Amino acid sequence: MNSKTLLVVDDELESVYNLTRLIQTLHKESTIFQAIDFTSALATASDNAIDIAFLDIDLPGQNGIELAAALLECPIPPIIVFVTASNQYAVNAFELNAVDYLVKPLSVARVEEALLRADTRLKQQQLRQDYTAAVTSSVENSIAGMSKLWAERANGARVLIDFSDIGWASSKDKELFIRVAHDELRVRMSLSELIKLLPADTFVRVHRSHIVNIQLAREIISWDSHSMTLVMGDAGKTEIPVSRSYVHQLKRIAGW
């Protein structure tokens, strides 16, 4: 077991000291925080990345089971090991996916076993995190290198569209549609996801429901300094509203 950060929680100071001493005997390089109740334990976990938490169940106020549930809400939750004077909470403990359940009095051998189990769980989690990060990075890099987008016709046929052919995109009834020449095609993503894919020097979000290809815009109707309408270059001269909160983005990309 490499250096880890641990949290020992027990309302009896003697128990805290005894368990801390046992852990230090086994792993001198580990950093060990101590707490005597729910509030101080949660505060410690909020300020420090805890790898393994040894929790007494019989805490005053909110007990160790409730503390474990709270700790599992941390961005990177610790591995939980319960410590108690009885086994009546064993079922609750393993429902929270605790790695071990120690019954007092504790022995060096039993604590070491719990630490080994926790370390194995940590390694498994790290492997999953590394794999997920690698897959996410690969997908993001692939998307970043794309200049085309899959879209659907009304009959369900899928077509690959060049970004440069998109005139505008509009969100209607929780669905996203793009305008390409004379066709309106559905895209299975949100407007916020789409704008991240499109070239930032060409496409601009002008409304919470609209993205436009500024190169295909033909006219701007300005009603006042903060209200505008874009007239697109299609045969129907489609008008797209520019909401006040997005006017500055349109001015920036258009160089006004």
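Reader: Let's begin with α2: which residues on the other side of it are exposed?
Author: Before anything else, please keep in mind that this is a predicted model. On that side of α2, the exposed residues are Thr39, Ser46 and Asp47.

Reader: And which residues of α2 are buried?
Author: Those are Phe38, Ala41, Thr44 and Ala45. If you look down the axis of α2, these buried residues fall within an arc of 135 degrees, so they line one face of the helix.

Reader: Why would residues a few places apart end up on one face?
Author: An α-helix has 3.6 residues a turn, so residues three or four places apart point the same way.

Reader: OK, and what covers the buried residues of α2?
Author: The cover includes β1, β2 and α3.

Reader: You mention α3, so which of its residues are buried?
Author: Helix α3 covers residues 64-71, and its buried residues are Gly64, Ile65, Leu67, Ala68 and Leu71. Seen down the axis of α3, they fall within an arc of 160 degrees, so here too the buried residues line one face of the helix.

Reader: What caps the N-terminal end of α3?
Author: Asn63 does, with a side-chain oxygen that lies 3.0 Å from the backbone nitrogen of Ile65.

Reader: Switching topic, how many residues are in the largest nonpolar core?
Author: That core has 21 residues, and those with the most contacts inside it are Val9, Leu55, Leu67, Leu71, Ile80 and Phe82. Two or more residues each are given to this core by β1 (5-9), α2 (38-47), β3 (52-56), α3 and β4 (79-84). The largest share, 4 residues, comes from α3.

Reader: What does Ile80 touch?
Author: Not counting residues up to four places away in sequence, Ile80 touches Ala53, Leu55, Ala68, Leu71, Leu72, Ala98, Val99 and Asp100. There is also a second, separate core of 19 residues, which includes Leu6, Phe54, Ala114 and Leu122.

Reader: Now the strands, please: what is their order in the open sheet of 5 strands?
Author: The order is β2-β1-β3-β4-β5, and the pairing is parallel. At the edges stand β2 (31-35) and β5 (100-103), each with a single partner strand, so one side of each is left without a neighbour in the sheet. From one strand to the next, the twist averages 20 degrees.

Reader: Can we follow the pairs one by one, and how many bridges join β4 to β5?
Author: There are 4 bridges between β4 and β5, which run parallel, and Phe82 stands opposite Tyr101 in β5. As for α3, this helix packs on the sheet, where α3 touches β1, β3 and β4, and its direction makes about 155 degrees with that of β3.

Reader: What about the pairs that involve β3?
Author: β1 and β3 pair in the parallel sense over 4 bridges, and the bridge partner of Val8 in β3 is Phe54. β3 and β4 also pair in the parallel sense, over 5 bridges, and the bridge partner of Ile52 in β4 is Ile79.

Reader: Is β3 buried or exposed, then?
Author: Of the 5 residues of β3, 5 are buried, so this strand is largely enclosed by the rest of the structure.

Reader: Last one: how many helices and strands does the protein chain have?
Author: The secondary structure of the protein chain comes to 7 helices and 15 strands, and of its 256 residues, 40% count as buried.

How values were computed
Residues are numbered from 1 along each chain as its sequence is written. This is a predicted model: local features need pLDDT of at least 70, side-chain atom pairs count only at pLDDT 80 or more; totals for chains, interfaces and linings use all residues. Side-chain values use heavy atoms; hydrogens and water are left out. Buried means under 20% relative accessible area, exposed over 50%, partly exposed in between (1.4 Å probe, protein chains only). The arc is that of the directions from the helix axis to the C-beta atoms. A polar contact is a pair of N or O atoms within 3.5 Å; within protein, one must be able to donate a hydrogen and the other to accept it, and residues adjacent in sequence count only if both atoms are side-chain atoms. A nonpolar core is a set of buried Ala, Val, Leu, Ile, Met, Phe, Trp, Tyr and Cys residues joined through side-chain atoms within 4.5 Å. Contact means heavy atoms within 4.5 Å. Two strands pair if DSSP finds at least two bridges between them. Axes are lines fitted to C-alpha atoms, for helices over the stretch in contact, and angles run from 0 to 180 degrees between N-to-C directions.
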